[in-house]
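Thanks for making the time this morning. I would like to take you through one chain, and I will give the cut-offs as the terms come up.

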Amino acid sequence: MRKILKKNGVKSMVFGKVYLVGAGPGDPKLLTVKAVEVIKTADVVIYDRLGVSDEVLNMAPVDAERIFVGKRTGLHEVPQDQITNLIVQKAKEGGGVVVRLKGGDPFIFGRGGEEIEALVAEGISFEVVPGISSSVAAPMYAGIPLTHRDYAASVAIITGHRAGDAEKPVDWVKIAHAVDTMVILMGVESLEGIVDKLLKGGVSPDRSVAMVESGTLPQQRTIIATLGTIIVKANQNNLKPPSVIIIGEVTELGRKLAWFKQPLL
């Protein structure tokens, strides 16, 4: 039931509060203290599967409502507008704590901005709890510093695909020539197209590339190749999502600095 307050004879609705919580890159130990505190108070948890393990989900109270809105093999992803409407609905009907639990960080390709725009429009209180993005965690666990005084002074984080209604596509060539290190999320299924655009745009086939699969988890795997050989090597090792792609000279450091999983593929 919605909470109804009465002040000076005027009734008003009290909506619940929404927390957009970043669940981090996969390892539950990489959750922030604030994230754990919020999850433990949840009345409703609306969650994705990517980055949200059972261990994280079980931090919520036993009687908390759990609603899965992510993507599983064989099942279609819930459309974003339906997810946003669900968050608003649960905040309005419960008057409690609604946790929108998202893998990584809510604002790094997590569409968190779209979700809180809807909350602002409805006058619903919210907070955003940052999470560790796989864009930095996966390379770090593979021993690849995204910046380095000798090799890289700039980084771009890029989505491997864009929504069908996006105003403009990723300008791969422009980015590649503008920064020292490129970090690509959600790019495994588009790898061939990305590589093709970069090569046709004049990027050297010898440019170093790494891919980190399941970063921060026990099953993490890393390959280091070149732009000209990465497709073959990724196929040979059957790398699957979720994988982070890193392009730039810093990836070579992963050959000697890798500390979490050995050896390299």
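This is a predicted model: local features need pLDDT of at least 70, side-chain atom pairs count only at pLDDT 80 or more; totals for chains, interfaces and linings use all residues.

Residues are numbered from 1 along each chain as its sequence is written, and side-chain values use heavy atoms, with hydrogens and water left out.

The chain has 9 helices and 12 strands, where helices (H or I, at least four residues) and strands (E, at least two) are DSSP runs numbered from the N terminus. Its C-alpha trace spans about 75 × 40 × 40 Å along the principal axes. Of its 265 residues, 45% count as buried, and here buried means under 20% relative accessible area, exposed means over 50%, and partly exposed is in between, with a 1.4 Å probe and protein chains only. The accessible surface comes to about 14,000 Å², with 54% of it belonging to carbon and sulfur atoms; these areas come from the Shrake-Rupley method with a 1.4 Å probe, and for residues only the protein chains shown count as cover. If we take contact to mean heavy atoms within 4.5 Å, then residues 24 or more positions apart account for 69% of the contacts in the chain with a separation of 6 or more.

Now to the charged side chains. How many salt bridges does the structure hold? There are 13 salt bridges, each defined as a side-chain nitrogen of Lys or Arg within 4 Å of a carboxyl oxygen of Asp or Glu. One of them joins the side chains of lysine 17 and glutamate 127, at 2.7 Å from N to O. Since lysine 17 lies in strand β3 (residues 17–22) and glutamate 127 in strand β7 (residues 126–129), the pair ties together parts that are 110 residues apart in sequence. Lysine 17 is partly exposed, with a relative accessible area of 24%, and glutamate 127 is also partly exposed, at 26%.

Let me move to the surface patch. Ile108, Phe109, Val155, Ile157 and Met186 form a nonpolar patch on the surface, with about 360 Å² of accessible area together. Patches are made of residues with over 30% relative accessible area and no salt bridge, with like charges joined within 9 Å and nonpolar side chains (Val, Leu, Ile, Met, Phe, Trp, Tyr) within 5 Å.

Finally, is serine 133 buried or exposed? Serine 133 is buried, with a relative accessible area of 8%, and its place is in the loop between β7 and α5 (134–141). Leaving aside neighbours within four places in sequence, serine 133 is in contact with Gly104, Asp105, Ile108 and Leu185.
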